[in-house]
Amino acid sequence: MTALVLAYVVGSASAAETRDLTIAVYSVPKEAYETRLIPTFKQQWKQRTGQDLRVRSSYGASGAQARAIIGGFEADVAALSVEGDLDQIVKAGLITHDWRKEPGRGYVSASVVAFGVRKGNPKGIKTWEDLTKPGVQVLYPNPKTSGGAMWDVIAMYGAGLKLAPPSQGPPDRYAADLLTRIQRNVKVMDKSGRESVTTFERGVGDVIVTYENELLPRIKAGRPLELVLPPQTILIENPATVVDRYADKHRARDVADAFVAFLHGEEAQRIFAEFEFRPVAPAGPAARAFPQPAELFTIADLGGWEKVATHLFGPQGLWVRAVEELARGK
């Protein structure tokens, strides 16, 4: 067989090959990935390489997904809710590159923490303090399993820092008190943000603290819900990256890299926006008119993820102490 014919045969076999990609995604953007992002990427990959692509996707609470990857779930790409969950995979030695040096500092989607209330807002929920009123039942998921819940609690804490009256001592004290008073009204804490919204739609609770993008599609679909954007809230930033150890093991590095690059690109950002995620860039083709909270803050404004996570969710964290004290009846 001549070298020219051999090259043709090898090239044809490569083009006809079916490639595999395994991704682990937090639960909230499941519809965006399943109905638009994955099919669009598969089509682009086919056009570019001639190869069919088989994508195996897993969805669940962000923290649970991180623990599964560390425990042996061999995902080539992790798209999670919070950077702290990716960092746990880094510490386990499975992500070996600096994912924060990727485009958009590694983030592929964004949102804000908002309130979902019943149609007509019968309890008159407008502010974080309204969540502390007697008779108001609050829902948000459990930060021990849900990245969305961590964002929810951080939003409460950051709002408390901004709302703290100068006459009442250190802002941190007021923020801790706000956490405790809201927690006193919490009715249910599900494992994930998606489960929490499902519980709320079943009629449990008066207000749910959740992602803006979880509420807007349901409202557009005619569900009896309303969205309240509190004046003080946090910008949610969701990262995605290649899990080096597994992508290399599966010889899927090129596909995994291409998929993450696709998530950062204009077409994927337009798709995220269609599903009510805010674009990760301040302007661009995906941008549209999202309402701007009066006092929007970021995790960086609070000192960074590691500092805030320890302060709130560590063994002596403010949220942990609030839950424990309430459980003891204090």
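Predicted model: local features only at pLDDT ≥ 70, side-chain atom pairs only at ≥ 80, totals over all residues.
Figure 1. Ser 111 counts as buried because its relative accessibility is 0%. The side chain of Ser 111 is joined to the side chain of Asn 213 by a polar contact of 2.8 Å, and a polar atom of the Ser 111 side chain also lies 3.5 Å from the backbone nitrogen of Glu 212. When neighbours within four places in sequence are left aside, the residues in contact with Ser 111 include Tyr 211, Glu 212 and Asn 213, as well as Ile 234, Leu 235, Ile 236 and Arg 278.

Figure 2. A pair of aromatic rings is described by the distance of the centres and by the angle of the planes. The structure holds twelve aromatic pairs. One of them is formed by Phe 41 and Trp 45, whose rings are 6.1 Å apart from centre to centre, with 35 degrees between the planes, and this pair is tilted. Phe 41 and Trp 45 both belong to helix α2 (residues 30–49), where they are four residues apart, or about one turn of the helix, and both are buried. Phe 272 and Phe 277 form an edge-to-face pair, with 5.5 Å between the centres and 75 degrees between the planes; Phe 272 and Phe 277 are likewise buried.

**Figure 3. A charged end over a ring.** Which residue has its charged end over the ring of Phe 200? It is Arg 118, whose charged end sits 3.7 Å from the centre of that ring.

**Figure 4. Two loop residues with a positive phi.** Most residues other than glycine have a negative phi. Asn 121, although it is not a glycine, has a positive phi of about 50 degrees, and it is found in the loop between β4 and β5 (138–139). Asn 121 counts as buried because its relative accessibility is 15%, and the cut-off for buried is under 20%. Glu 276 is not a glycine either, yet its phi is positive, at about 75 degrees; this residue lies in the loop that runs between α11 (266–274) and β10 (295–297). With a relative accessible area of 2%, Glu 276 is buried.

Figure 5. Pro 29 is located in the loop between β1 (18–26) and α2, and with a relative accessible area of 2% it is buried. Pro 29 and Ala 66 are separated by 37 residues in sequence and by 16 Å in space, taken from C-alpha to C-alpha.

Figure 6. In soluble globular proteins, nonpolar side chains tend to be buried together. The largest nonpolar core of this model has 72 residues, and those with the most contacts inside it are Tyr 33 and Trp 128. Helix α5 (residues 147–163) gives the most to this core, contributing nine residues. If neighbours within four places in sequence are left aside, the residues in contact with Tyr 33 include Ile 23, Val 25, Tyr 59, Ala 79 and Val 108, and also Phe 259, Leu 263 and Phe 272. Another core, of 14 residues, lies apart from the largest one, and among its members are Ala 78, Leu 80, Ile 89 and Trp 99.

Technical notes. Residues numbered from 1 in each chain as written. Heavy atoms only, no water. Buried < 20%, exposed > 50% of the residue type's maximum accessible area, 1.4 Å probe, protein only. Polar contact = N/O pair within 3.5 Å; in protein donor to acceptor, adjacent residues only side chain to side chain. Contact = heavy atoms within 4.5 Å. Phe/Tyr/Trp six-rings, centres within 6.5 Å; stacked < 30°, edge-to-face > 60°. Lys NZ or Arg CZ within 6 Å of the ring centre and 35° of its normal. Core = buried A, V, L, I, M, F, W, Y, C linked by side-chain atoms within 4.5 Å.
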